[in-house]
Each structure stands twice: as structure tokens, then as C-alpha cells.
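Have the viewer open as you read.

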Amino acid sequence: MPGTHILILGGTAEARQLAAELTGRGGLRVTTSLAGRVAQPRMPAGEVRIGGFGGPEGLADWLREHRVHAVVDATHPFAAVISANAAQAAAAVGIPLCMLRRPGWSAGPGDLWHSALSLADAAAQLPALGRRVFLTTGRLGLAAFAGLDQLRFLVRSVEPPEPPLPRHTRVLLDRGPFTVEGERELLRTHGIDVLVTKDSGGPATSAKLVAARELGVPVVVVRRPPAPPEVPFAPDVAGVLELLGQLGCLGQLGRLGQL
């Protein structure tokens with residue numbers, strides 16, 4: 001379908017993989033939108049725009065102005081606001097929307113996992129689990145842990161975290177993927193006795209879970225927010241290509257599901 005314009009939302013690894021796959025096909029215009037929260041993001045193939053849209057109305061206006069034919073929400077599993085905005089905007093404009101939603105992590109034998117409904121719930125559980133916390137929930141939302149003065153935190157994020165922070169905090173700026181060996185050494189070096197993570201899924205940051213299992217470190221896992229209802233989703237790039245084909249956005253090649 002010559003001239004088809006597809007907007008990809010998100011700066012995840014899967015979003016970059018999808019952009020590379022789609023830009024390799026003739027007759028498609030591919031734009032990836034990045035939120036702009038990281039100073040030096042990993043850039044995808046195709047066109048790129050950086051920054052917010054101004055809510056669902058602003059996104060709808062952008063879709064109309066740039067004549068977008070379909071939207072793929074490939075944002076982080078915890079980007080609930082933009083996912084909701086995308087669902088509203090696509091419905092308002094009357095164009096297809098699908099999601100690339102990577103599977104979450106699952107506890108296995110030997111894992112000491114504690115489920116949390118939110119960052120605040122995770123913070124409430126910590127005093128009973130340990131005193132040296134490895135906090136890997138990203139740089140936003142750390143205010144939920146700011147009142148835990150009796151605990152010591154190692155906070156890892158790509159960019160410097162936003163205050164307020166816990167009183168006893170050491171910041172480690174780093175970006176995955178990480179190795180089990182490296183994560184095991186990190187936990188040992190800092191004497192970590194409890195890990196906090198969001199259920200982001202994917203292999204880039206899962207090594208910490210293996211290291212925690214090996215060392216007997218309990219893990220507080222913050223559950224994902226629910227996805228917008230009735231939005232079709234797939235767990236990987238191949239599945240999204242199939243969805244786009246079913247929606248008529250990739251022509252015959254997409255319907256055949258070829259990679």
C-alpha cells in the first residue's frame with residue numbers, strides 16, 4: 001500500500017526493531033515518537049519526532065495533520081498515560097491501533113518474589129524485607145521511597161533520578177542489557193538484601209532476577225498497569241506485523257506475515 005504512514009510510539013528495544021523492519025519495506029513511511037525523557041536516546045530507523053503531543057487531543061491533531069494510517073503503541077509497559085492517550089486519539093481519528101506488549105516476567109523455582117500493586121505498596125513492604133535496597137524502577141516516582149530513612153538505597157537509572165529521593169541514596173547511572181555475572185557482583189559488592197523492580201519484562205534487565213535468585217535476595221515486583229481494553233496486542237515484532245497485515249496496513253506482504 002504505497003504511501004502508508006505508520007506511527008510507532010515508544011523508545012523500547014522492540015520499537016526500534018519494529019521501525020527497522022518496517023523501514024526496510026517499500027511504500028511505507030515510518031515515524032517513531034520518543035517521549036524525550038532521555039538525553040541521548042537510542043535512535044530508531046526512519047523518521048523520528050521527540051516530545052509529547054499535548055494529550056489525546058494533541059495526538060489526534062498530529063495524526064490528522066501527518067496523515068497517519070495506523071499507530072503502534074510500543075511504549076514501556078508502565079507508560080499507562082500515553083497508552084490511554086493513543087487509544088483515545090486513534091478512536092477519534094478513526095485509524096487502527098495495536099500494541100506491542102512484551103510478556104511480563106514469571107517467578108520460577110527458588111525465586112523469593114513479593115507482588116506490589118504500586119511503588120507506594122512496594123515501599124511499604126521494604127522494612128520487613130531488608131535494609132539495603134537495590135531500586136531499579138527508573139528515575140521517576142522515587143518519592144514513594146523518600147520517607148524510608150532507616151533504609152539505604154542503590155538507585156540505578158539511565159538518567160539522574162528526580163527528587164525527592166530517600167535520604168540514604170547512592171545513584172548508579174547505567175543502561176542495559178546487563179549480565180548475570182555483573183548483577184551478581186553488584187548485589188554482593190553493595191550488600192543488597194532486597195531488590196525492587198517493575199515487571200518490565202524482556203531480556204535487557206532480567207539478569208538481576210537471576211542473580212537475586214542465586215543469592216537468595218527477595219524481590220519486590222511492581223505489577224503492570226492494565227492495557228487499554230479492546231486494543232489488539234502482540235508480544236513481539238512478528239506478532240505486530242501480523243496484526244498490521246490483518247488491519248490492511250501492510251498490503252499483501254503483511255497479510256502473508258513474512259519477515
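The expected span of a helix is 1.5 Å times one less than its number of residues; helices (H or I, at least four residues) and strands (E, at least two) are DSSP runs, numbered from the N terminus. This is a predicted model, in which local features need pLDDT of at least 70, side-chain atom pairs count only at pLDDT 80 or more, and totals for chains, interfaces and linings use all residues. Residues are numbered from 1 along each chain as its sequence is written, and side-chain values use heavy atoms, with hydrogens and water left out.

Take helix H3, residues 80-93: its 14 residues should span 20 Å, and the end C-alpha atoms are 20 Å apart, which agrees. Ser83, Asn85, Ala86, Ala89 and Ala90 of H3 are buried (under 20% relative accessible area, with exposed over 50% and partly exposed in between; 1.4 Å probe, protein chains only). Down the axis of H3, these buried residues fall within an arc of 160°, so they line one face of the helix; the arc is that of the directions from the helix axis to the C-beta atoms. On the other side, Val81, Ala91 and Ala92 are exposed. The cover over the buried residues of H3 includes strands S1, S4 and S5 and helix H2. After H3 comes Gly94, with a positive phi near 80°.

Now for the nonpolar packing. A nonpolar core is a set of buried Ala, Val, Leu, Ile, Met, Phe, Trp, Tyr and Cys residues joined through side-chain atoms within 4.5 Å. The largest has 21 residues, and Ile6, Leu22 and Leu244 are among those with the most contacts inside it (contact means heavy atoms within 4.5 Å). Helix H7 gives the largest share of this core, five residues.
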